Amino acid sequence: WDASRLSEALAAAKRSQGELLGMVKAIGQVASNEAAVAAMVQEVVSNSAIEGVALNMESVRASMLLRLGVETGLAQVAGVQRVDPIVGVLTGATQGYRDPLTTTRIFEWHRAIFPKGIQEGIRVLRAGTLRGEEPMVVASPGRHIGLPPTIHFEAPGRGGLVGEVEAFLVWFNGP
C-alpha cells in the first residue's frame, strides 16, 4: 500500500468522523436538556394543579427556559411573570441540589411561592416562617348541616416544631 496516497484520505475521514461524533454528542445534549425541561415543566404544572391553580404550560416552559438561560426573547409569552417564582424555586432546587438544605433556603422558596402570604379564611398567614402557636388543622366542612367538619390532618403542636425541623435537616443533609 502507498502511505502517501492514503494519508490525505485517512486524515479527511478522521476529521469527518470527529465532526460527526461532535454533532451526535451535541444532539444528545440538546435532547437531554429538552427532556429535563419537559419534566420540570410538567412538575410545576402538576404541583400547581394539586393546589387548585391551573398554569399555562407554555408560560411555564418559557419561564423555565429563561431561568436556565437556554433561550432568550421569550419574556413576551403571556403569564411568564406569574409562574416565574415557582419555576425559580424548582430550578434553584434542581441546580443547587448539592447545597445544604436550610430553613433559610426553605423560607426563601416559601416566600417566592406565596409572596402575599397564605390566605386561610379571613386571616393571612405569613410565608417564610414557622407557624405560630395556633394549631394547624386541615379540614373540610361536614357533609350535611349540623355535622362536624372532617379533619384530614392535624399538625403536631408548636412546642416541638423547631426541634423536629432541625432533626429533619440533619437527616436530609446527612449521607
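Start by colouring by pLDDT, the predictor's confidence in each residue, from 0 to 100. Helices here are DSSP runs of H or I with at least four residues, strands are runs of E with at least two, and both are numbered from the N terminus. The chain as a whole averages a pLDDT of 81, and 91% of the residues score at least 70.

Some ground rules before you click on. This is a predicted model, so local features need pLDDT of at least 70 and side-chain atom pairs count only at pLDDT 80 or more, while totals for chains, interfaces and linings use all residues. Residues are numbered from 1 along each chain as its sequence is written, and side-chain values use heavy atoms, with hydrogens and water left out.

**Stop one: the core**

Select Val-37, Met-40, Val-41, Val-44, Val-45, Leu-55, Val-60, Met-64, Leu-65, Val-83, Val-87 and Leu-90: these twelve residues are the largest nonpolar core. A nonpolar core is a set of buried Ala, Val, Leu, Ile, Met, Phe, Trp, Tyr and Cys residues joined through side-chain atoms within 4.5 Å. Helix 1 (3–50), helix 2 (57–68) and helix 3 (80–95) each give two or more residues to this core. The largest share, five residues, comes from helix 1.

Now pick Val-44, in helix 1. Is Val-44 buried or exposed? It counts as buried because its relative accessibility is 4%; the cut-offs are under 20% for buried, over 50% for exposed and partly exposed in between (1.4 Å probe, protein chains only). Leaving out residues up to four places away in sequence, Val-44 touches Leu-55, Val-60, Met-64, Ile-86, Val-87 and Leu-90, where contact means heavy atoms within 4.5 Å. Draw a C-alpha to C-alpha distance from Val-44 to Val-83: you'll get 8.8 Å across 39 residues of sequence.

Hop to Val-41, also in helix 1. Val-41 is buried, at 3% relative accessible area, and its contacts beyond four places in sequence are Met-57, Val-60, Arg-61 and Met-64.

**Stop two: Ala-62**

Ala-62 is in helix 2 and is buried, with a relative accessible area of 2%. From its C-alpha to that of Ala-49, 13 residues away along the chain, you'll read 18 Å.

**Stop three: out to the strands**

Select Leu-125, in strand 2. Leu-125 counts as partly exposed, at 24% relative accessibility. Beyond its neighbours within four places in sequence, Leu-125 is in contact with Gly-117, Ile-118, Glu-120 and Glu-134.

Next, Arg-131 lies in the loop between strand 2 (123–125) and strand 3 (137–140). Apart from residues up to four places away in sequence, Arg-131 touches Met-136, Ala-155, Pro-156, Gly-157, Arg-158 and Leu-161.

**Last stop: Ile-27**

Finish back in helix 1 with Ile-27, which is exposed, with a relative accessible area of 60%.
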